[in-house]
Amino acid sequence: IINKNQKSKLIESIRFSVYELEKQALSKIKRILPEGIYCITSEELSNGRSNIHVAGEMLKSGIKIIQYREKEERKSRKDMLEECRKIRKMASDAGALFIVNDYLDIALLSDADGIHCGQNDLSVQDIRKLNSGLMIGISTESAEQMEKAVSEGADYIGIGPVFKTDTKKDAGAPLGLDQIKYAAENIKIPFVAIGGIKEHNIDQVLAAGARHIAIISDITGAENIREKIHSINRIIEKYN
């Protein structure tokens, strides 16, 4: 027979367990990568427009994921954090995911949905120790790096550069479409094709099997960002 005190503790334990399950479920939902255009900011390639303005245009076009990419030589950490907090609020209001590139401290302080890391950044395991709910993306350039990221528990990977790109100064040689085809056939988590992808060549990447496409300068530098996104989306829709 359970007395009142034991019953109270049992109810409290059940409530806590339900709360933990809800947290885990919400965390997993937040870590699902939407298909389509994966937008990345680049103020130096935005024709004088701010990251805030460009992000706003992206979100008004229905974009469901934005990655904030900025460089310390261009902007202070304080200014980047302020921008990220503003874009985080805008993305949340629009029902979109917000990812921070490289800077884990800024991702955590801005309450971002995720962090995107390179091969030389913190490991997935270490990031999870700080925040188990963050979506974690890892940049890869080979099948070996892809498989390693998957085995370590990354939520998604980036693969590139697919084509020649001037957006990232330290980008390696173009991988071509073979790595995209490999990922489509062998990688069981979402992967984002990135590097030199524009409206005129996106159909090649889609035909190779990619369903998450990162586009930077073709969108940030477009005279009309919303029009450019709608035009690219019309191509993507043919592969859905």
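The following legends describe close-up views of a predicted model.

**Figure 1. Eight strands close into a barrel.** The strands follow one another in the order β1-β2-β3-β4-β5-β6-β7-β8, and their pairing is parallel. On average, neighbouring strands of this sheet are turned by 25° against each other, direction ignored. Strands of a sheet pair through backbone hydrogen bonds, either parallel or antiparallel.

**Figure 2. β1, α2 and β2 form a right-handed β-α-β unit.** Strands β1 and β2 run parallel and are joined by two bridges. Cys 39 has Ile 66 of β2 as its bridge partner.

**Figure 3. Strand β2 pairs with strand β3 in the parallel sense.** Four bridges connect β2 with β3, which comprises residues 97-101. Ile 65 stands opposite Leu 97 of β3. From β2 the chain passes through helix α3 (residues 77-93) to reach β3, and this β-α-β crossover is right-handed.

**Figure 4. Strand β2 is covered on both faces.** In a regular strand the side chains alternate between the two faces of the sheet. In β2, which spans residues 65-68, Ile 65 and Gln 67 lie on one side, while Ile 66 and Tyr 68 lie on the other. These four residues are all buried.

Figure 5. Ile 159 stands opposite Ala 193 in β7.

**Figure 6. Ser 42 lies in the loop between β1 and α2.** Is Ser 42 buried or exposed? Ser 42 has a relative accessible area of 8%, and because buried means under 20%, this residue counts as buried. Which residues is Ser 42 in contact with, leaving aside its neighbours within four places in sequence? They are Asn 51, Arg 69, Ile 216 and Thr 220.

Definitions and conventions: Residues numbered from 1 in each chain as written. Predicted model: local features only at pLDDT ≥ 70, side-chain atom pairs only at ≥ 80, totals over all residues. Heavy atoms only, no water. Buried < 20%, exposed > 50% of the residue type's maximum accessible area, 1.4 Å probe, protein only. Contact = heavy atoms within 4.5 Å. Pairing = 2+ DSSP bridges. Right-handed = clockwise from strand over helix to strand, strands pointing away. Axes fitted to C-alpha atoms, helices over the stretch in contact; angles between N-to-C directions.
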